[in-house]
Amino acid sequence: MDSSNFSNHIKLNNIKIDDEFWSRYIELVRNEVIPYQLKALKDEVKDAPRSRCIDNFKKAAKTVKDIKSGKSVPTFPVDKWEYNDENSCPESFKGWVFQDSDIYKWLEAVSYSLVNTYDAKLHKTAQEYIDLICSAQLDNGYLDTLYIINDRSKIFTNLKDRHELYCFGHLAEAAVAYYNATGEDKLLNATYRFADLICDTFGESGKKGYPGHEIAEMALVKLYRLSGEEKYLNCADFFISERGKKPYYFDAERGYERKDGSLDYFYNQAHLQPKKQDEAVGHAVRGVYLYSGMADVSREKNDDELFSACQKIWDNIQSRKLYITGGIGATADGEAFSFDYDLPNDLAYSETCASIGLIFFARRMLEIKPDSKYADVMERALYNTVLSAMAQDGKSFFYVNPLEVLPTACRLDSRKRHVKAVRQKWFGCACCPPNIARLLSSLGEYCISENENNIFVHLYMGAEVNCENADIKITSDYLDSGKVSFDVKCRKPFTLAVRIPEWCDNFSISKEYEVKDGYAYIKIAKDTAVDIQFDIKIKLIKCSNLVRENIGKAAVMRGPVVYCIEEADNGSNLQLLSISPNAEFEYKKPCIIAKGKREKANNNLYSEYKKAEYEDCNIKFIPYSTWGNRGENEMAVYINIK
């Protein structure tokens, strides 16, 4: 690895996004999403599934208080994925095993929002919930409400399925974000205590286990970078290097004796040691969280072999397992990566969290090796799947992000029950909504990175940026005209490296430049202005012909934005619509209009083949990110080409 390429993202307090498109999302999260999600966590959203998250912390705090006072504390089973009123006692833990993580992600979003726009009331509310969380911590540092409430004797006995280390990971990410935002260390100190317990428990002289659901790896690296404590980095490295070793830890944990050399635990990415992996497999969210942690550790340890594995896995995702919308995880069976080129539209899982995790992975790869292929995917996922997953009022959400929807099939076809034609108010398993909030609140950290000699621009958002080498004001009309301008106030000479998007065939830059790995490098020695014009046009994009579902079809894109057709604009039976490969498109912000054909419907189930009859029609395309905001109706990304 060439450490001279390494860069660090701009800290959130050094970038102020001022962008017509993105500022409204950041404000939507601050004004609507964060308050709404707290109501959901408190079970105050009418007709929404109950969270039980806050209740669990209150129960755990009472348990800790009773233990300290010497009272007898009951125990309950820890043998389920989800605990509800039908299968568990009223006094026990409720919800999914990872329910704690929802409040942690909410706190992380709050932290970023406080940096963007300080809000004293929100700050006070966050402090109240931090007090509650800390009151639920055991004296030895352990903090997971499932085991604290139900059975302390079973702590760290089922790493594969019970998600303690996953919840710890989200706790650590929230604690670091909150400390960076406020300077307050109560939650951070509680996190250090839990991290210390984990480091003391796992390692060469302790348990040889590792998380069943990854995220602790990159969270431990965050704690290391903040504290300088090597043990946190070494623990992350241990979790990664131990993963997939034989005999499998998960076999021993469940008392299984494997008598052959078979591979197992693909779902957990624990079938092989990560350094030996070259394909994205298993649960997609777990996968990209692991790959993000691998990238972090490879950088800190300067581990070429681990980084090489990251590159191979990335290339497998990008070239064979990525939806045009930036979605990953094609199958509902295990919420998982499927086989190469298996990208069904109407059965797509494409979990929101998976695209967010892919963005995490992309940023880390960019900060190790600046290559536009990482930022191109980051941009694709952000503008399409991530934005699609939240309603325009911020109060309903998609967990699954299909590329084709027939509402009747969602209700009546069991294979498609995971697909929803309208966004949901909340979920019992609510990992996605707070994940969206924390990503959109921290957008500034994904736009720009820097090292001693370079400032890299990865995403084109209007902003004021304070870098080591310069202050830069970015004015962006990226989505409409393709024009981006930089007003640079130089502190010392540096090179400005700006990404050339994959969708752009032609561009102009007002200064001399050299292109390397998809970035145009411009030498800056004094205060100056740089203007970039990207030629943004409407394109028809086809899949590889190895993607069986999309033979004879194409998708419409304009810049980074994927478009779709909806029944609300084009009538029912969208499968009967087609356009010419030479169709003329008209852009009417934010929609696209094209002349097309509608095949006349044939009610005969079978008939002798004859040439189809068509009638002319206008076809309206809307940004994929906005579909599903006008009630239940059909939707399709791909359209027939004839």
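Q: What volume does the second largest pocket have?
A: This is a predicted model, where local features need pLDDT of at least 70, side-chain atom pairs count only at pLDDT 80 or more, and totals for chains, interfaces and linings use all residues. Residues are numbered from 1 along each chain as its sequence is written, and side-chain values use heavy atoms, with hydrogens and water left out. On a 1 Å grid over the protein atoms alone, a pocket is an open set of points with protein on both sides within 12 Å along at least five of seven lines, while a cavity is a set where a 1.4 Å probe fits but cannot get out; lining residues have an atom within 4 Å of a point. Grid points are joined across faces, edges and corners, a volume is the space filled by probe spheres set on the points, and for the second largest pocket that volume is about 540 Å³.

Q: Which residues lining the second largest pocket are the closest to its centre?
A: The lining of this pocket has 28 residues. The closest to the centre are Ile324, Arg380, Glu502, Ile541 and Lys542.

Q: Which element gives the largest share of the lining of the second largest pocket?
A: Helices (H or I, at least four residues) and strands (E, at least two) are DSSP runs, numbered from the N terminus. Two or more lining residues come from each of helix H13 (304–320), helix H15 (372–388), strand S16 (538–541) and strand S17 (553–558). The largest share is four residues, and it comes from H15.

Q: How many charged residues are in the lining of the largest pocket?
A: About 800 Å³ of space lies in this pocket. Of its 25 lining residues, His9, Lys11, Asn180, Arg225 and Glu445 are the closest to the centre. Ala, Val, Leu, Ile, Met, Phe, Trp, Tyr, Cys and Pro count as nonpolar, Asp, Glu, Lys and Arg as charged, and the others, Gly among them, as polar. The lining has nine nonpolar residues and five polar ones, and the charged residues number 11.

Q: Which helix gives the most to the lining of the largest pocket?
A: Elements that each supply at least two residues include strand S1 (8–9), H3, H9 and helix H12 (284–301). The most, five residues, comes from H7.

Q: Which residues lie nearest the centre of the largest cavity?
A: A search of the whole structure finds two cavities of 30 Å³ or more. The largest holds about 110 Å³ of space. Its lining has five nonpolar, one polar and seven charged residues. Of the 13 lining residues, those nearest the centre are Glu108, Tyr112, Lys222, Phe360 and Tyr446.

Q: Which helix gives the largest share of the lining of the second largest cavity?
A: This cavity has a volume of about 30 Å³. Its lining includes His163, Glu164, Leu165 and Tyr166. The largest share, three residues, comes from helix H7 (residues 164–182).

Q: How many residues of H14 are buried?
A: Helix H14 (352–368) is among the helices that line the largest cavity, and H14 gives the most to that lining, with three residues. Buried means under 20% relative accessible area, exposed over 50%, and partly exposed in between (1.4 Å probe, protein chains only). H14 is largely enclosed by the rest of the structure, because its buried residues number 17 of the 17.

Q: How far apart are the end C-alpha atoms of H14?
A: The expected span of a helix is 1.5 Å times one less than its number of residues. The 17 residues of H14 should therefore span 24 Å. This agrees with the distance between the end C-alpha atoms, 25 Å.

Q: What kind of aromatic pair do tyrosine 478 and phenylalanine 534 form?
A: Rings of Phe, Tyr and Trp (its six-membered ring) pair if their centres lie within 6.5 Å; planes under 30 degrees apart count as stacked, over 60 as edge-to-face and the rest as tilted. The structure holds 40 aromatic pairs. Here the centres are 6.0 Å apart and the planes are at 85 degrees, so the pair is edge-to-face.

Q: How many residues apart are tryptophan 503 and phenylalanine 534?
A: These two rings form an edge-to-face pair, 6.2 Å centre to centre. Both residues are buried. The pair links distant parts of the chain, with tryptophan 503 in a loop and phenylalanine 534 in strand S15, and the separation in residues is 31.

Q: Which arginine lies over the face of tyrosine 587?
A: A charge sits over a ring if NZ of Lys or CZ of Arg is within 6 Å of the ring centre and within 35 degrees of the ring normal. For tyrosine 587, the distance from the ring centre is 3.7 Å, and the residue is arginine 558.
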